[in-house]
Amino acid sequence: MRAAARGADGGGDDRAGACRSRAAAPGGDGITEPLRYDHAHVEARWQRFWDEHQTWKAVRSTDGRPKKYVLDMFPYPSGAGLHVGHPEGYTATDILSRYFRMRGVDVLHPMGWDAFGLPAEQHAIETGTHPARTTAENIATFKRQLKVLGFSYDWSREIDTTDPGYVKWTQWIFLQLFHRGLAYQDEALVNWCPALGTVLANEEVVDGKSERGGHLVVRNPLRQWMLRITAYAERLLDDLALVDWPRGTLTMQREWIGRSEGAEIVFAVAGQEGKQIAVFTTRPDTLMGVTYMVLAPEHPLVREVTTSAQRRGVDAYVAAAARKSDRDRTAAARDKTGVPTGGFVVHPITGQRVPIWVADYVLGGYGTGAVMAVPGHDERDFAFARAFGLPVVEVVSPDGQEHTHLDAAFTDDGVAVRSGEFNGLATAACQAAVVDKLEAIGRGKRTVTYKLRDWVFSRQRYWGEPIPIYFRVELDDPRGDPRRGARHVIRHDQPIAVDERELPLRLPDLLEYRPGDDPAGPLARVADWRFFQKDGRWFARETNTMPQWAGSCWYYLRFLDPKNDAEPWSEKAYDAWMPVDLYVGGAEHAVLHLLYARFWHKVLFDAGRVKHPEPFMKLVHQGMILGEDSEKMSKSRGNVINPDDIVREFGADVLRLYEMFMGPLDAVKPWQSAQILGVARFRDRFYAVATRELSDAIDADTRKKLHKTIEKVTRDVEAMAFNTAISAMMVFLTDLAAHERPPREGVLALTLLLSPFAPHVAEEAWKHLGHERSLAYEPWPAYDETLTIDETQEMPVQVNGKVRGHVTLPRGAPESVAREASLGVAGVRAAMGGKAIRRFVYVPDTIINVVV
RNA sequence: GCCGGUGUGGUGAAACUGGCAUACACGCUGGACUCAAAAUCCAGUGCCCGCAAGGGCGUAGGGGUUCGACUCCCCUCACCGGCACCA
């Protein structure tokens, strides 16, 4: 396949005249006159050529050459079409893919569509158009827009997460999770909006009302599918050491996982035999300073510890907390609220009674949902104690002395005081001693807690992968038909996996996508789809669907073997290309997508389906491109740039060059239309120089510049410093253009260097320079190290740190020579003013500094 | 509030490991070509003083380390992004 591409001729209809259609310089003689460049014509022709010759088909050689898997985060094909932010990362990976091919590396560089998603469903609700149709149209638009940019994707591997052939394997992976006990059902609190008949995400809820429409939202417990990602917390944390990712992203993942070491301490409830409350604390050394206990409002023991005298207050407080969204509950972070329960626990060491309060500053979902409050040494507990007049006791002292008054919580390490047998111990030692004691008396143990929570994996939506699970249906009347409304009970407590041979489980077509009033989602209404009979018994399908994350959790694996119908990917395909060597995408996915995909990968690792503990070896985030006003691009601001417009006016090569020339790939940078002219001129100047009459000789100076340029561009491409690589090529082009007849050797090399950045113009020039074949697999130019180093070096001479002159010395000249030469410079002598030299700093080939 | 990032000409930016601050590009000024314009090409362009030679200042602000700091350390300010009572 590749041989065909490599051996193919330059193809097509082109003759000089075809690409000079706009040249027609009046009076030009047409022979030495440089050619004008018609980007629309040339780019379309090369894109057709690459397609026809399958130039970018990824083929793994058997000759032991290296491979690179270069992956973009695949887009959600929105109705708005491509945005200038998309081509930024895509151009970067394309440059590297093309560069690697020229270095003799096998490259897998695929593209596909993350095509399930809310907008298509929303559109269906509003217009009745089937989401599959909207999705197909959007994909067509995106694909057309990407193709005109000339990216070297292997389109034969294109995938679409909504394709039944893909859904089949997403469901298959879900079943692997299910069979391994990692997918389970639980009641989870969700934001249910009865008026909209749907469940809303946290960010869609503002002040207890829906963002759209302002309808009431209630927090209802709803049966949900959960994935046990917490079982992988430790490995997700530890294996971050194996990857080459941006530091900030690693930090965010670590904090999201939120590992915390401490102790679980058990307090007996006073007067209630056998009842106890466990707390988690990172500071067991402050145990002797506990003055009260706090339960989260949703803690299961709240009712039981509440005395009848406090019941009304507690019930009201708990009910009010349940109405608040997570956002609201944490927004008013400063004012502490809470109520006493009237109940007490017994301190495990002193035996003293400690009052139990309920307060929503304690979170039900973290740790044990209860804390031992130590106001002397925790800021939140201190604020709460102040607000409610609870006692504050110092048990950790900065200086080992007891202090009678605390103005604020002392949260640093110190020395234990007022702590009985633990007095005088430093914080670390005290923690160990307290936990040892608790373990000895059976009242506590060392534990590790994570902030990471299990992943709510079901959505009450239509446009997602159906969860391949069904349940037994129990009918009051055994001959009844649940599709016709016969009374029945669905045994959700006994989930049954759909047989793998029956996958994919397809979505039914709907006429009405509106969610309706059933929180089980639109699929619950499709009785003919939902209920089915097997062996004379009735069953009901799961009507929840998977979240959009599902498809993107494993798409990099499907690219390996996208047409395989017998398995998700073959071992051979896996061995050929995995792991992903470079992954480029937005920083907004720093946590969720990247954590979920790593989790699935580890599950597949345990199932023996993948062989590397981590999927993405190197990760790079492209920076956001802002509008010309330096604001985020948005329709409402009217500052959106459409890549189609840029391509039409200047061509794909110019858009690619511009986006790479703007600045460092990972920097946030504003779009500046005026700057595009600079790279457009560069492209046109390059083509003009390449099509001039060339010289077969090359002078020594240009030769040196050539080799320095190759060295610089090579280093910069490897470091993904594309802006400076382009700058180096601009400088070299200016050098070439200064020759009446530019040296052919230099033009040829520059054409190859430029080709990953601006492939169309480079191919066109390459052909003009007499080549029959595409340059896609030409060897990358090599440089001679010795030619990149000059024999002499001009160096600044400073006097007391200020530059006062320059000297040119042979490389590595001895200090004595440097000294003599510098002191001979008039400006240096003048600046020294006859003063004695205190020190002579000489860094060979770099700088001279005379200190007087 | 916490965490992370950024701050360099009129503008986007460059400066490898502490070694000539401002490469490359835009813009601007002047010139060439042209009847003219566009396009293209050439030259200049950090700020201040000066006719000039030359000098001084200059990488958000202040301090420090160093022969030497955009780069390392401390403090302050501004902007951007993320997270928000995680015991």
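Helix α18 (residues 592–606) has 15 residues and, at 1.5 Å a residue, should span 21 Å; its end C-alpha atoms are 21 Å apart, which agrees. The expected span here is 1.5 Å times one less than the number of residues in the helix. Helices (H or I, at least four residues) and strands (E, at least two) are DSSP runs, numbered from the N terminus. The structure is a predicted model, in which local features need pLDDT of at least 70 and side-chain atom pairs count only at pLDDT 80 or more, while totals for chains, interfaces and linings use all residues. Residues are numbered from 1 along each chain as its sequence is written, chains are lettered from A and ligands numbered from 1 in the order in which they are written, and side-chain values use heavy atoms, with hydrogens and water left out.

Helix α18 is mostly covered, with 12 of its 15 residues buried. Buried means under 20% relative accessible area, exposed means over 50%, and partly exposed lies in between (1.4 Å probe, protein chains only). Among the buried residues of α18 are Y596, F599 and W600, along with R598 and K602. Just after this helix, G608 takes a positive phi of about 75°.

A parallel sheet comes next. Four strands form an open sheet in the order β2-β1-β25-β26, with parallel pairing. Two strands pair if DSSP finds at least two bridges between them. The edge strands, each pairing on one side only, are β2 (106–108) and β26 (616–620). On average, neighbouring strands of this sheet are turned by 25° against each other, direction ignored. Strand β1 (residues 67–72) runs parallel to β25 and is joined to it by 3 bridges; D72 has V584 of β25 as its bridge partner. A further 3 bridges join β1 to β2, again in parallel, and here K67 has D106 of β2 as its bridge partner. Strand β1 is mostly covered, since 5 of its 6 residues are buried.

Helix α3 (residues 85–102) packs on this sheet and touches β1, β2 and β25, its direction making about 170° with that of β1. Contact means heavy atoms within 4.5 Å. Axes are lines fitted to C-alpha atoms, for helices over the stretch in contact, and angles run from 0 to 180 degrees between N-to-C directions.

Helices also pack on one another. Two packed helices are described by the angle between their axes and the distance between the axes. The axes of helix α22 (residues 700–718) and helix α24 (residues 744–754) come within 10 Å and cross at roughly 10°. That makes α22 roughly parallel to α24, as angles under 35 degrees count as roughly parallel, over 145 as roughly antiparallel, 65 to 115 as roughly perpendicular and the rest as oblique. Helix α22 contributes R703, L706, T709, I710 and V713 to the contact, and α24 contributes E745, G746, A749 and L753. These residues divide into 5 nonpolar, 2 polar and 2 charged. Ala, Val, Leu, Ile, Met, Phe, Trp, Tyr, Cys and Pro count as nonpolar, Asp, Glu, Lys and Arg as charged, and the others, Gly among them, as polar.

Several loops have backbone features worth a look. A cis peptide bond, with omega about 0°, joins L503 and P504; P504 sits in the loop between β22 (496–497) and α14 (527–530). Another cis peptide bond, also with omega about 0°, joins M578 and P579, and P579 lies in the loop between α17 (571–577) and β25 (580–584). M720 is not a glycine, yet has a positive phi of about 60°. This residue lies in the loop between α22 and α23 (722–737) and counts as buried at 10% relative accessibility. N800, also not a glycine, has a positive phi of about 50°. N800 is found in the loop between β29 (792–799) and β30 (802–810) and is partly exposed, with a relative accessible area of 45%.

Finally, two single residues show how sequence and space relate. I159 belongs to strand β4 (residues 159–160) and counts as buried at 5% relative accessibility. T291 and N642 are 351 residues apart in sequence and 62 Å apart in space, C-alpha to C-alpha.
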